[in-house]
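Please look over the model shown here before reading on.

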Amino acid sequence: MLGEGPAENTRLILLSPPKVLNSPPHSGDTAAHARPPSTAAAAVTSARPCRMFARVADPLRWSRGLLLRAGSNRRRGLSAMAAGGGRSEVGQLGEFLEYMDRLLNYERSGVPRGAGTDSDGGFDLGRMRRLLRRLGDPHTHYPAVHIAGTKGKGSTAAFLSNIMREQGYNVGCYSSPHLLTIQERISVGERGGPVSAVLLRDLFDQAKEAIDESIESENGSLTHFEVFTALSFLLFSRENVDFAIIEAGLGGARDATNVIRNSELAASVITTIGKEHLAALGGSLQSIAVAKSGIIKEGRPVVIGGPFSTEVEQILRDRAFLTQSPVISACDSGVRSITRCVGWDYAKPYQSCDIVVKISNDTPLSMELHDVKLQLLGDHQRQNAVTASCTALCLRQLGWDVSDASIRAGLEKTQLPGRSQFLTQDEASVLGLDGASTILIDGAHTEASAKALVDVIRTVEREGPLALIIGMADDKEHLAFTAQLLSGRRPDVVLLTEATIAGGTARSMPASSLRDIWIGVAHDQGINCADIGVVTSDRISHLAAASSDKPTPMMIGCGDGPFSHDLMKAASRLLHGVHRAEGGGAGAPAGLICVTGSLHMVSSVLQQLEQQ
């Protein structure tokens, strides 16, 4: 089966570095490429103790010998993770970052058409396997949950990681993209912070020889994502994780993470299916579903989040049927969840939810939690929490110790920068804002995530003027995104800008083009709007004064360069004018400013906070 290693017929798995010299080549390898790992790479893995366990006949259960219990004597490789990842550490990664920057980076250049499809034009998983082979096949040293999906996979991975950490497991989590530093993509240990710069640098130094050899043998075709994914697998092996949670980068079937075999896979998770990366994933919702279903492996359970259309869900279930994989649906009739209220704690909102799981099919699951305080807001995040809970319960059914208390604590602990994140007044002041307006940053960039953002705004900020600051990549569904945002509260101000993506604006949609789209969609929806042109300081002063005299149509303008917090100041001044026109008192909040359209926009705000 494409995306997997050789067929697994054995009932014994050796969770230690394989004896590469005596091993046959992996599927997709050639005799020339199937070389033993370098001395440096061998040194990385050779110290790992041998860990052996038997596989039971029931494909849904792991042997109890594998499952290290909370409170058991855990081994550590390099050392427990120190909190890391701050920009102050970046200087220690200079050589590593320069090395990675020389690699082909599709996050910067855009993914080729059809690259994520399970076809001749798709990414070559063979070169990823060959790279991992040089490093001692570290991804085979621990059980893993593999998560794919258009939206929600990062949040689901974070929820599940915290659940397992609350139970006491040493967890490795790999996700992408990052907001501030590349270290954010890897977390390991019971604390869960970003990998430290020192640990990442030392690991790279030890693995560099093997990576260099692989790049040479692959004629320079190894990518930034492939190399960093391999390093994350190697780090998890070195740190002797009990469990790894791996988020796919693009699609599933041909993603570099899809080297996890069914012998190491605890469960697959598919969160949602939506129209993102259409060209790279085949051009239709159906082809996207097929690509993401490629992470489902023979005999291993799959948790599906949803909700899905009937056709899309059938594609996922058909794949599961072919692979004899039990399906657990987070939208099962026995699964119920509701948000009872939204509250505020230390100037941060949370939603109080009930989550009840009573599934009685071939994989019975049961849990009942009330008043779970989720820091991640919106119905979509509640659904992600349900999906993570179902996955945790699936792991419990497989033999892992996972208590209801750990599920609750893990869900409540989880927070992610840039996902419906409200800045504090102190943070707003650091950006030069007066604190009168509420600031929300959210990485929404699809039609579905725009809908989720509209729901969050409606729930948390029901009244007062609203400003949107939007920058997007050029390969997104701009019309659908715009129409969805305009379906909620009508914004008073919309300022379009250019997001800096992977260090440049080559993939950014021009602000003037976004402005034209917004004006067109507003007219189509019968919304009265005014084109205020390019935003300048003098222009803002005039508009703010004019808007304070009488109600104005929705103002649509654009910045004169890449996004900066100066545009947030402009939005604040315009909202003050609208606020006065609506009769707002001096002590009342002057509305909401929402920065959205891309996680790169969120990253820009957070970077500016750190630089001040």
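## A buried serine

Serine 176 counts as buried because its relative accessibility is 13%, where buried means under 20% relative accessible area, exposed means over 50% and partly exposed lies in between, with a 1.4 Å probe and protein chains only. This serine lies in the loop between strand S4 (171-174) and strand S5 (186-189); helices (H or I, at least four residues) and strands (E, at least two) are DSSP runs, numbered from the N terminus. Leaving aside residues up to four places away in sequence, serine 176 touches Arg185, Phe225, Glu247 and Gly249, contact being heavy atoms within 4.5 Å.

The model is predicted, so local features need pLDDT of at least 70 and side-chain atom pairs count only at pLDDT 80 or more, while totals for chains, interfaces and linings use all residues. Residues are numbered from 1 along each chain as its sequence is written, and side-chain values use heavy atoms, with hydrogens and water left out.

## Strand S7 and its partners

Strand S7 (residues 265-270) is mostly covered, since six of its six residues are buried. S7 pairs in the parallel sense with strand S3 (residues 144-148) over five bridges, and two strands are said to pair if DSSP finds at least two bridges between them. Within S7, valine 269 stands opposite isoleucine 147.

S7 also pairs in the parallel sense with strand S8 (residues 302-304), over three bridges, and there the bridge partner of valine 269 is valine 303.

H5 is followed by glycine 168, whose phi is positive, near 105°.

Helix H7 (residues 224-238) is mostly covered too, with 14 of its 15 residues buried, and is followed by asparagine 240, whose phi is positive, near 50°.

## The nonpolar cores

A nonpolar core is a set of buried Ala, Val, Leu, Ile, Met, Phe, Trp, Tyr and Cys residues joined through side-chain atoms within 4.5 Å. In the largest one, with 44 residues, Met164, Val357, Leu395, Ile407 and Leu411 touch the most other members, and helix H10 (residues 379-398) gives the largest share, nine residues. A second, separate core of 43 residues includes Met100, Val195, Phe204 and Val227.
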